[in-house]
Amino acid sequence: MAPSPAPVAHVADLQRLIIRDPGRPRVTWYGDDGERVELSGAVLHNWINKTVNLLVEEFDAAPGTRVVLDLPPHWRAIVWGLAAWRTGATLVLLPDTPASGAVEREEEAGAPALLGLAHDADVVVTSRPAAWAGTHAPVVAVPLPALARRFDGDLPAGAIDAGSAVMTYGDQIGWVEEVDPDAVALEPGAVLHGELVTWASRLGDDVAPGSRDLVQEGDASRLLRRTLQVLAVDGSVVVLSPALTTALAQDPERLSRLRTSERVDL
């Protein structure tokens with residue numbers, strides 16, 4: 001019998017856990033149009049490592065670095081969030097990031113609404129780089145389509161196109177500073193790195209070890225929290241986009257078929 005995995009205290013422990021069974025699905029994503037992306041333990045591990053290497057090499061990411069995450073609930077938000085935490089950085093989420101309306105409200109407000117975040121940001125990771133033009137924050141532009149090899153749109157001067165850049169980095173972490181458990185991991189909320197897993201486990205729903213859970217969250221914070229909660233107990237997640245979640249709420253039979261085909265436990 002294989003020994004029980006050690007308790008997960010941080011993302012480094014989480015990575016060691018998910019590659020114990022490298023071929024097992026860990027994150028399965030369904031987009032607005034039903035686009036399906038599946039990341040096994042090995043693939044998720046590699047995505048995190050590549051993204052960590054980019055953050056460290058391009059932005060010296062380490063404890064104290066502020067990484068603003070301006071992505072919708074999406075599998076790429078999971079990768080970038082976990083990678084930022086792996087570097088020991090502070091992940092900063094927009095104050096109000098529900099799936100419906102947040103982007104529109106921010107864009108109506110224009111760049112001034114983002115100036116406060118941009119002023120203190122060491123890097124902004126975003127799927128809408130134009131919204132950050134003129135803020136002088138270093139920008140990483142993230143394309144959302146699964147097969148995108150570059151960002152499809154204009155980029156601010158100096159912006160990094162994550163679609164092409166991430167894949168140029170190594171599958172193994174070259175170097176990363178040791179995580180400070182007393183450093184802030186998440187804002188808003190001032191969650192410390194040493195408390196991340198505990199914070200996730202207090203979400204409210206009981207998660208059985210090894211379970212496969214359906215995740216239908218409308219904001220990035222709850223998506224990251226739920227995913228961390230499930231992965232930390234050796235589980236896996238099936239993540240639905242907010243638009244698909246809304247559509248399936250009106251089509252219970254289709255939702256039931258999806259749950260059955262993905263062998264969802266919760």
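**Core, sheet and loops**

Mentor: Start with Trp 85. Beyond residues up to four places away in sequence, Trp 85 touches His 10, Val 11, Leu 91, Val 179, Ala 185, Leu 186, His 193, Leu 196, Trp 199, Leu 224 and Leu 228. Keep in mind that this is a predicted model.

Trainee: Is Trp 85 buried or exposed?

Mentor: Buried, with a relative accessible area of 0%.

Trainee: And which residues touch the most other members of the largest nonpolar core?

Mentor: Leu 69, Trp 80, Trp 85, Leu 91 and Val 140, in a core of 60 residues. Helix H3 gives the most to this core, with 9 residues.

Trainee: What about a second core?

Mentor: There is a separate one of 13 residues, which includes Val 92, Ala 118, Ala 131 and Trp 132.

Trainee: Back to the rings. How many aromatic pairs does a search of the whole structure find?

Mentor: It finds 2. In one of them, the ring centres of Trp 47 and Trp 75 are 5.2 Å apart and the planes are at 80 degrees, so the pair is edge-to-face.

Trainee: Where do Trp 47 and Trp 75 sit?

Mentor: Trp 47 is in helix H2 (residues 41-59) and Trp 75 is in helix H3 (residues 75-86). They are 28 residues apart, and the pair links distant parts of the chain.

Trainee: Why do Trp 47 and Trp 75 count as buried?

Mentor: Buried means under 20% relative accessible area. Trp 47 has 19%, so it is buried. Trp 75 has 3%, so it is buried as well.

Trainee: And the pair with Trp 85, why is that one edge-to-face?

Mentor: The planes of Trp 85 and Trp 199 are at 80 degrees, so the pair is edge-to-face; the ring centres are 6.4 Å apart. This pair also links distant parts of the chain, with Trp 85 in H3 and Trp 199 in helix H7 (residues 196-201), 114 residues apart. Trp 199 counts as buried at 13% relative accessibility.

Trainee: Changing topic: what order do the strands of the open sheet have?

Mentor: The order is E2-E1-E11-E10, 4 strands with mixed pairing. E2 and strand E10 (212-215) are the edge strands, each pairing on one side only. From one strand to the next, the twist averages 15 degrees.

Trainee: In which sense do E10 and E11 pair?

Mentor: Parallel, over 4 bridges, with E11 covering residues 236-240. Arg 212 has Ser 236 in E11 as its bridge partner. Helix H8 packs on the sheet and touches E1, E10 and E11. The direction of H8 makes about 155 degrees with that of E11.

Trainee: And the other end, E1 and E2?

Mentor: Strand E1 (residues 25-30) and strand E2 (residues 36-40) pair in the antiparallel sense over 5 bridges. Thr 28, for instance, has Glu 38 in E2 as its bridge partner. The two strands form a hairpin with 5 residues between them, and Gly 34 in the turn has a positive phi of about 90 degrees.

Trainee: You mentioned H8. What does Gln 229 do there?

Mentor: I can only give its surroundings. Gln 229 lies in H8, which spans residues 220-231. At 7% relative accessibility, Gln 229 counts as buried. Its side chain makes a polar contact of 2.8 Å with that of Arg 226. Leaving aside neighbours within four places in sequence, Gln 229 is in contact with Ala 200, Ser 201, Leu 203, Asp 205 and Val 207.

Trainee: Which loop holds Glu 217?

Mentor: The loop between E10 and H8. Glu 217 is buried, with a relative accessible area of 14%. The side chains of Glu 217 and Arg 222 are joined by a polar contact of 3.0 Å. Not counting residues up to four places away in sequence, Glu 217 touches Pro 73, Arg 222, Leu 223, Arg 226 and Pro 242.

Trainee: Last one, Leu 71. Where is it found?

Mentor: In the loop between strand E3 (66-70) and H3. Leu 71 is buried, with a relative accessible area of 6%. Its contacts beyond four places in sequence include Trp 80, Val 142 and Ala 220.

Trainee: How far apart are Leu 71 and Glu 217?

Mentor: Their C-alpha atoms are separated by 13 Å, and the two are 146 residues apart along the chain.

Note on methods: Residues are numbered from 1 along each chain as its sequence is written. This is a predicted model: local features need pLDDT of at least 70, side-chain atom pairs count only at pLDDT 80 or more; totals for chains, interfaces and linings use all residues. Side-chain values use heavy atoms; hydrogens and water are left out. Buried means under 20% relative accessible area, exposed over 50%, partly exposed in between (1.4 Å probe, protein chains only). A polar contact is a pair of N or O atoms within 3.5 Å; within protein, one must be able to donate a hydrogen and the other to accept it, and residues adjacent in sequence count only if both atoms are side-chain atoms. Contact means heavy atoms within 4.5 Å. Two strands pair if DSSP finds at least two bridges between them. Axes are lines fitted to C-alpha atoms, for helices over the stretch in contact, and angles run from 0 to 180 degrees between N-to-C directions. Rings of Phe, Tyr and Trp (its six-membered ring) pair if their centres lie within 6.5 Å; planes under 30 degrees apart count as stacked, over 60 as edge-to-face and the rest as tilted. A nonpolar core is a set of buried Ala, Val, Leu, Ile, Met, Phe, Trp, Tyr and Cys residues joined through side-chain atoms within 4.5 Å.
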